[in-house]
Amino acid sequence: MVAYRGRVLPELSSAARVNLNEARTTGVPAGPALRHVREVLEAHAGPVLANFTVDRLGYVVRADPMFQELAWLDARASRVLRESTLAALVPDLLAALAGRGSGRGRTVHDAWLGNHEVRVRFWLMPGASPAHTELSIYLQFA
């Protein structure tokens, strides 16, 4: 058994434990992250769609230019998803990844940012290998 936020859970694999730890931490403050996303949406004058791939440890192993633009606030450009703008704003993204079992098909998730001013929809899909998950994330002003 494993204690998680005061609850006792069944024993988890080491990958699941890492993902649970990542799901509850983020290295980016929400205020600057939300400003950053607003600026990106305004610069593109409409909805944006980003695509990327993560491994079981939460590292981004492939990302398109839009993901790069949305996700990283500074030049450091960490490759760990939990340290991204998107993780700070959409903790459900990390939780969905942490709870994703191998062999699961496509799942669709919705969230709102700010005071329901930005709509977020993200898709989790099987990757090229069991260790990878493909993600697409769509953001638009409400």
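This is a predicted model: local features need pLDDT of at least 70, side-chain atom pairs count only at pLDDT 80 or more; totals for chains, interfaces and linings use all residues.
This is a short walk through the fold, starting with confidence and moving on to the sheet and its helices.

The protein has a mean pLDDT of 82, with 80% of its residues at 70 or more. Residues 1–24 have a pLDDT below 50, and this stretch makes 34 contacts in the model beyond near neighbours in sequence.

Now turn to the sheet. It is open and has 5 strands, paired antiparallel in the order S4-S3-S7-S6-S5. Strands S4 (60–63) and S5 (107–113) stand at its edges; each has a single partner strand, so one side of each is left without a neighbour in the sheet. On average, neighbouring strands are turned by 25° against each other, direction ignored.

Follow strand S3 next, residues 48–55. S3 runs antiparallel to S7 (residues 132–141), and 8 bridges join the two. Within this pairing, Ala50 has Ile137 of S7 as its bridge partner. S3 also pairs with S4 in the antiparallel sense, over 3 bridges, and here Phe52 stands opposite Ala63 in S4. S3 and S4 form a hairpin with 4 residues between them, and Gly58 in the turn has a positive phi of about 90°. Strands of a sheet pair through backbone hydrogen bonds, either parallel or antiparallel.

Helix H5 (residues 91–98) lies across S3, S5, S6 and S7, and runs at about 15° to S6.

Definitions and conventions
Residues are numbered from 1 along each chain as its sequence is written. Side-chain values use heavy atoms; hydrogens and water are left out. pLDDT is the predictor's confidence in each residue, from 0 to 100. Contact means heavy atoms within 4.5 Å. Two strands pair if DSSP finds at least two bridges between them. Axes are lines fitted to C-alpha atoms, for helices over the stretch in contact, and angles run from 0 to 180 degrees between N-to-C directions.
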